[in-house]
Amino acid sequence: MKRRTFVQIGTVLVLSTMLSACGGNNGGNAVNEANSGTDTKVNEAAGTNEPATSETTEPAAPENEEPTEITIMLPLNVAQTPPDTIKNEIEKLTNTKLTYQFFPADTYEDKLNATMATGALPQVTYLKNQATFMQMKGAIRDGQFWEIGPLLGEFPNLSKLKPLILNNTKVDGKLFSLYIGRPLARQGIIYRKDWADKLQLKTPETVDDVIAMAKAFTEKDPDGDGKPNTIGLADRNDLIYGAFKTVASWYATPNNWGEKDGKLQPDFMFPQYAAAMDFMKTIRDAGAMNKDFAATSKTDQVSLFTSGKAGMYIGAMSDVDSLNKDLIKNVPTAAIDTLALIKGPNGELATWAIPGYNNVVLFPKSAIKDEGELKKVLTFYDKLMTPEVANVMFWGIEGKHYTVENGKAKVTEDSDLIEREVKGFKDSLVGESETNGMYEGYYALPGRIHAEQFTKENEKIAILDPAAALDSQTFTEKGVELQTLITDATYQYIYGKIDKAGFDKAIEDWRKRGGDQIIEEYNAVYQK
């Protein structure tokens with residue numbers, strides 16, 4: 001089961017590569033699927049060798065058939081349950097009668113577990129995120145959900161789902177879920193371009209340039225008020241979606257797991273991980289970031305940037321729109337931009353990739369009694385993966401929620417309307433623009449335009465997680481607990497509370513308390 005962990009652009013095109021980490025989909029993955037060889041591979045990934053069609057099949061007009069009744073349970077990432085505006089349109093386009101059961105995302109896992117315990121899961125059950133999917137694998141193995149891989153070849157649009165992402169969501173080599181796609185690698189830097197221009201700083205190209213910019217934003221009074229009240233980097237208590245993992249990838253640190261001497265080892269056992277800790281420690285020691293970042297929430301991190309105190313934000317470049325909107329309320333003259341493709345110490349380019357999805361949808365056997373009923377539900381999802389229906393689900397109703405400009409969807413400036421009527425549904429759309437045919441987004445903000453461009457370039461240099469589709473029983477049981485040892489040690493090293501020997505001791509603790517067993521179990525599968 002060995003695989004390359006760097007995405008080569010040819011591989012991306014032929015395999016229709018996956019995607020990543022956590023926020024909204026902004027037009028889907030950037031790399032287009034190649035026509036040659038893709039269809040057969042998609043079906044192989046799904047578990048069937050039947051050929052797929054090469055063009056999107058539009059939903060067939062109902063022939064006086066009774067609407068299919070489907071109940072859908074899913075997390076709600078906004079404050080209020082959306083009205084039926086989008087649901088009603090989807091029902092008309094797909095000849096269905098839909099019942100959406102929305103539950104707040106913050107408590108969704110508890111609701112999911114309680115509902116499953118009583119056998120009351122509906123026909124369509126969304127999980128919360130990748131972590132919830134990992135936790136659900138035991139129930140999947142126990143036969144509580146339908147295997148759908150052998151059936152996908154019967155659905156021309158579902159057959160277009162990307163094979164690499166489908167493989168990443170398999171359990172013991174079998175496909176039970178559809179995925180909600182996300183761009184493969186959209187991490188980078190959002191920074192105050194007006195500050196950089198004022199200080200005559202060159203656009204950073206290397207890790208050393210990033211450190212230099214952080215220090216300059218701290219020491220050279222970029223806001224011109226004569227006070228030492230600015231910092232370079234605003235970060236938060238998240239080693240994955242905050243700055244650290246992106247910085248580590250610039251040093252070519254493996255993505256969660258990497259291969260050494262033919263065997264998988266966790267990322268923190270590689271010297272590049274230590275180099276990334278040194279990067280962060282250098283900036284913190286210089287006072288060029290919020291020193292209490294390990295105790296800083298994302299809300300407070302964002303506030304540091306949008307209040308005009310911090311000049312750099314390392315994370316999802318798609319955050320540039322909201323950061324810009326709030327920043328100019330406080331600093332009307334501010335200008336921000338995005339940046340990626342930072343070279344490591346040896347001049348190499350690398351960034352990390354998520355597995356191509358941020359959530360999956362399952363089909364409980366307790367609610368779907370036979371294969372005939374399952375196929376009716378899958379027919380609905382096949383119709384969702386047509387441009388007409390996908391655009392309604394993701395963008396809303398044309399002329400009300402968005403307009404089409406230059407072949408792309410330009411969202412209305414009424415963000416409250418989108419949040420109220422569309423957001424709750426768009427988070428559940430399966431696939432991505434390359435597979436479901438929906439419009440890509442139209443953007444006017446230069447920083448967002450650049451972010452979309454960098455996201456495409458990032459895919460060419462993305463480091464995949466070679467263990468994304470692997471399983472370890474010990475990791476399932478102890479992984480979260482053991483990772484806390486490494487997370488705490490990483491923060492302590494950056495804070496200067498332990499040295500490299502202290503960090504190595506934490507690794508030994510991790511190994512003795514179950515880490516060696518995780519390594520052994522992953523490698524047993526990896527070597528097959």
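A residue is termed buried when its relative accessible area is under 20%, exposed when over 50%, and partly exposed in between (1.4 Å probe, protein chains only). By this criterion, 54% of the 528 residues in the protein are buried. The structure is a predicted model, in which local features need pLDDT of at least 70 and side-chain atom pairs count only at pLDDT 80 or more, while totals for chains, interfaces and linings use all residues. Residues are numbered from 1 along each chain as its sequence is written, and side-chain values use heavy atoms, with hydrogens and water left out.

The secondary structure comprises 20 helices and 15 strands, defined as DSSP runs (helices, H or I, at least four residues; strands, E, at least two) numbered from the N terminus.

Five strands form an open sheet of mixed pairing in the order β2-β1-β3-β12-β4, where two strands pair if DSSP finds at least two bridges between them. Strands β2 (96-104) and β4 (178-181) form the edges, each pairing on one side only. The twist from one strand to the next averages 20°. Strands β1 and β2 are parallel and share 9 bridges; Leu 74 has Phe 102 in β2 as its bridge partner. Together with helix α3 (residues 85-94), these strands make a right-handed β-α-β unit; with the strands pointing away from the viewer, the path from the first strand over the helix to the second runs clockwise.

On the β3 side, 2 bridges join β1 (residues 68-76) to β3 (residues 124-126), again in parallel. Ile 72 is bridged to Val 124, and Met 73 stands opposite Thr 125.

Ile 72 also belongs to the largest nonpolar core, which has 65 residues; Ile 72, Leu 178, Phe 363 and Tyr 381 touch the most other members. Such a core is a set of buried Ala, Val, Leu, Ile, Met, Phe, Trp, Tyr and Cys residues joined through side-chain atoms within 4.5 Å. A second, separate core of 58 residues includes Phe 244, Met 269, Ala 467 and Ile 518.

Helix α14 (residues 387-395) is largely enclosed by the rest of the structure, because 7 of its 9 residues are buried. Among them are Phe 394 and Trp 395. Gly 396, with a positive phi near 105°, follows α14.

How values were computed:
Axes are lines fitted to C-alpha atoms, for helices over the stretch in contact, and angles run from 0 to 180 degrees between N-to-C directions.
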